[in-house]
Amino acid sequence: MEIRTNEPMARHTSFRVGGPADRFMIPESEGELREAVLDCKASGKPWYMVGNGSNLLVGDKGFRGTIISTERLTELEVQKNENSIIAGAGVMLSKLANTAAREKLTGLEFAAGIPGTVGGAVMMNAGAYGSEMKNVLLWADVMDRYGTVKRLKNEELELGYRTSALERRGLFAVRAAFSLTTGDPDAIRAKMEELAAKRKEKQPLEYPSAGSTFKRPEGYFAGKLIEDAGLKGFSVGGAAVSEKHAGFVINKDHGTAADILELCNEVKRRVKENSGVDLEMEVKLLGDF
């Protein structure tokens, strides 16, 4: 498998920031993934699994350890007789949704614009526009930190709001199966186009970001709380709160990870001061800041 040293993590995160990882491994099969995991375990050094890095903020000083990337775990198999699709952890959700549409299968339209991979989507129970992975996931093959693979059914994955049993138990998806239903291809495409237009209108897609930066607090919307605190357009260095959607922190002008983190902490402080609500980051922090 390909192994790189001192790999800049800015190349592997949607924020386009992050210093070098000491080692960066790119397995191309379940066997190579197991090999990478066991190698990391034997090294005794920190390691972390990434997909598209669309929910990740890596520190400017990088990561002292190994990053394992799932980017080449891209198997994709349509099971027409069962109206299901099996996809590797590294398959982009846009590709998965487009494959479903091509096969006249409905249920994944919501995922077409989510900039993550299947592995990350299972881990975080990704969702948008009133739907989530929990609604379409059949099972996932998950690997533990000893390289053992086990198939967990939907209910065993304990999928909740941006969470799953995987995160809590130190597991990660190798592949997942999605249960869909047959639909009208024109209606499926129309729905995907409608959601894409909504995204374009309401989200700052022209800037590097990690999507919704903060989790939705119960009973509130993070973007509304941030806007009510007068923070639309607020910036620290090259990082800013989007003018288009206050729930998005963007890398507006060659910002650093430190800029983004400082901005997020200031947003949390001011929202707490203004509304009494504690915001929790949806974006994961990794490495040395």
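Analyst: Happy to! Let's start with R162, a residue of the loop that joins strand 12 and helix 4. Please keep in mind that this is a predicted model. R162 is not a glycine, yet its phi is positive, at about 55°. Most residues other than glycine have a negative phi. The side of the story told by accessibility is clear too: R162 has a relative accessible area of 14%, which is under the 20% cut-off, so it counts as buried.

Helix 2 is followed by K104, with a positive phi near 60°, and helix 7 is followed by G276, where phi is positive and near 80°.

Those two helices deserve a glance of their own. Within helix 2 (residues 93-102), the buried residues are L93, L96, A97, T99, A100 and A101. Their cover includes helix 3 (118-124), helix 5 (185-202) and strand 13 (172-179), along with strands 6, 7 and 8.

Helix 7 (residues 257-275) has 19 residues, which at 1.5 Å a residue should span 27 Å; its end C-alpha atoms lie 27 Å apart, so the two values agree. Its buried residues are A257, D259, I260, L261, L263, C264, E266, V267 and V271. In an α-helix, with 3.6 residues a turn, residues three or four places apart point the same way. Among the elements covering the buried residues of helix 7 are helix 6 (222-228), strand 4 (56-58) and strand 19 (284-286).

Now for the wider setting. The protein chain contains seven helices and 19 strands. Its radius of gyration is 19 Å, close to the 19 Å from the globule rule for 289 residues, so the chain is as compact as a globular protein of that length. Of those 289 residues, 49% count as buried, R162 being one of the buried residues. Finally, among contacts with a separation of 6 or more, 63% are between residues 24 or more positions apart.

Note on methods
Residues numbered from 1 in each chain as written. Predicted model: local features only at pLDDT ≥ 70, side-chain atom pairs only at ≥ 80, totals over all residues. Heavy atoms only, no water. Helix = DSSP H or I, 4+ residues; strand = E, 2+ residues; numbered from the N terminus. Rg over C-alpha atoms; globule rule 2.2 N^0.38 Å. Buried < 20%, exposed > 50% of the residue type's maximum accessible area, 1.4 Å probe, protein only. Contact = heavy atoms within 4.5 Å. Expected span 1.5 Å × (residues − 1).
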